[in-house]
Amino acid sequence: MKIHEYQAKEILKEFNVAVPEGIPVFSVQEAVKAAEDLKNKGATLFVIKAQIHAGGRGKGRTKGSNQKGVVLCKTVDEVEQVAKDLIDDVLVTIQTGEAGQKVERLYVTDGVDIEQEFYLGITLDRAKGKNVIMVSTEGGVEIEKVAEETPEKIVKEWIEPGLPLMGSQARRLAFALGLEGDSFKQAVKFIHSLYKCFEAIDASIVEINPLVLTPSGDIMALDAKMNFDSNAEYRHKDWADLRDEAEENPLELKASKYNLNYIKLDGNVGCMVNGAGLAMATMDIIKLSGGEPANFLDVGGSANVETVKNGFSIILQDENVKAILINIFGGIVRCDRVANGVVEAVKDPEIKEKLETVPVIVRLQGTNAEEAKEIIDNSGLNVISAVLLKEAAEAVSKALA
């Protein structure tokens, strides 16, 4: 689950992580008032930031006014004009693609003077099974670019599971940034506080880019990206208040309400699978057969009539889908029950009409697989059964021909 920058910074403040003063706004009038309030507190410069769930805002441009997504303003009047340019326009960045994302909220912050920019990020290193803290002196640019071109400029510290961040580790990270004196001490404290935040909120990533050193020697988070681990949602009831459904893909949002794991892709073959590993293998099969996966859809262990019907309704809303491959392994759930669920779902008038031009290939393996194939074959519906992966791939190729 993603949240906006201003929401992330409010959370950071709760853990005593230094951030510039800022106010979220939803209209031009609110932006002007926010700038005036910051001016009364001593701000001489203002930064207006479009709030969307995508990176690259500083280099992005709006479709209508050609305005950048992050703008430094010297006066309240400039704030007003930039807010007019951004609110309700569509911002296109390297992460949104050409479609862009509509800007519905802004963040008006104090324009902090910058002496030097750094990068600081915390995430889970799945290969090592440990949380990792990363720092780099190359702040303000995409960390992926740094990793590709100058990986030696990224310094990492791995935290042993069940143990806190050690003082020696935080000091090594601060030394790696070339900091000295009081700035060094502030950075060590900043890193400790950020890691406490990361663990307490069950984040999957916390990224500060840039982390800045001011001319007065202070360390603070100029930007903040924060994603939550959705597996921990059950113990964070407050997350619901932070969710911005306007930023989410409508099909992915609908799937989440059905408790389905769905991610939309750009291909032409819809996938309905149980298990993430099998889903990845199924997408490989589709590519080998000459198609492109249109989605990742894991229906989990309960592939019943309702689940399959909901899966169909979501996949078929994607106009790019030319065929659907259902690949289910019947372990806990029997294949014949899945087959009956598929048949009943396809009989639904609304789904049946849409499937008249979209062939469905069903591969069921595991418990009662033979019975399941008979059910599919004798259904009289526009459903093709397959036993082997090779057969499923051939059926997909034929459907796309």
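Select helices α11 (residues 335-347) and α13 (residues 369-377) in this predicted model. Their axes make an angle of about 15 degrees and lie 7 Å apart. The two helices are therefore roughly parallel to each other, an angle under 35 degrees being the cut-off for that term. Turn the view to look across the pair: α11 passes α13 in a right-handed crossing.

Now show the side chains where the two helices touch. On the α11 side, select C335, D336, A339, N340, V342 and V343. Their counterparts in α13 are A369, E371, A372, I375 and I376. By type, the residues of this contact comprise eight nonpolar, one polar and two charged.

Next, select helix α10, residues 305-315. Is α10 largely enclosed by the rest of the structure, or largely open? Eight of its eleven residues are buried, so the rest of the structure largely encloses α10. To see which ones, colour T307, V308, N310, G311, F312, S313, I314 and I315.

Move on to the salt bridges, of which the model has 19. Start with E5 and R57, whose side chains meet with an N to O distance of 3.0 Å. E5 belongs to helix α1 (residues 5-14), while R57 sits in the loop between β2 (46-50) and β3 (61-62), so this pair ties together parts that are 52 residues apart in sequence. Both ends are out of the way of the probe: E5 is buried at 4% relative accessible area, and R57 is buried at 10%.

For a pair in another helix, go to α2 (residues 28-40) and select K33 and D37. Their closest N and O atoms are 3.1 Å apart, forming a salt bridge. K33 and D37 are four residues apart in the helix, again about one helical turn. An α-helix has 3.6 residues a turn, so residues three or four places apart point the same way. D37 is partly exposed, with a relative accessible area of 29%.

Finish with a group selection.

Notes. Residues are numbered from 1 along each chain as its sequence is written. This is a predicted model: local features need pLDDT of at least 70, side-chain atom pairs count only at pLDDT 80 or more; totals for chains, interfaces and linings use all residues. Side-chain values use heavy atoms; hydrogens and water are left out. Buried means under 20% relative accessible area, exposed over 50%, partly exposed in between (1.4 Å probe, protein chains only). Axes are lines fitted to C-alpha atoms, for helices over the stretch in contact, and angles run from 0 to 180 degrees between N-to-C directions. Angles under 35 degrees count as roughly parallel, over 145 as roughly antiparallel, 65 to 115 as roughly perpendicular and the rest as oblique. A crossing is left-handed if the near helix is turned anticlockwise from the far one by less than a right angle, and right-handed if clockwise. Contact means heavy atoms within 4.5 Å. Ala, Val, Leu, Ile, Met, Phe, Trp, Tyr, Cys and Pro count as nonpolar, Asp, Glu, Lys and Arg as charged, and the others, Gly among them, as polar. A salt bridge is a side-chain nitrogen of Lys or Arg within 4 Å of a carboxyl oxygen of Asp or Glu.
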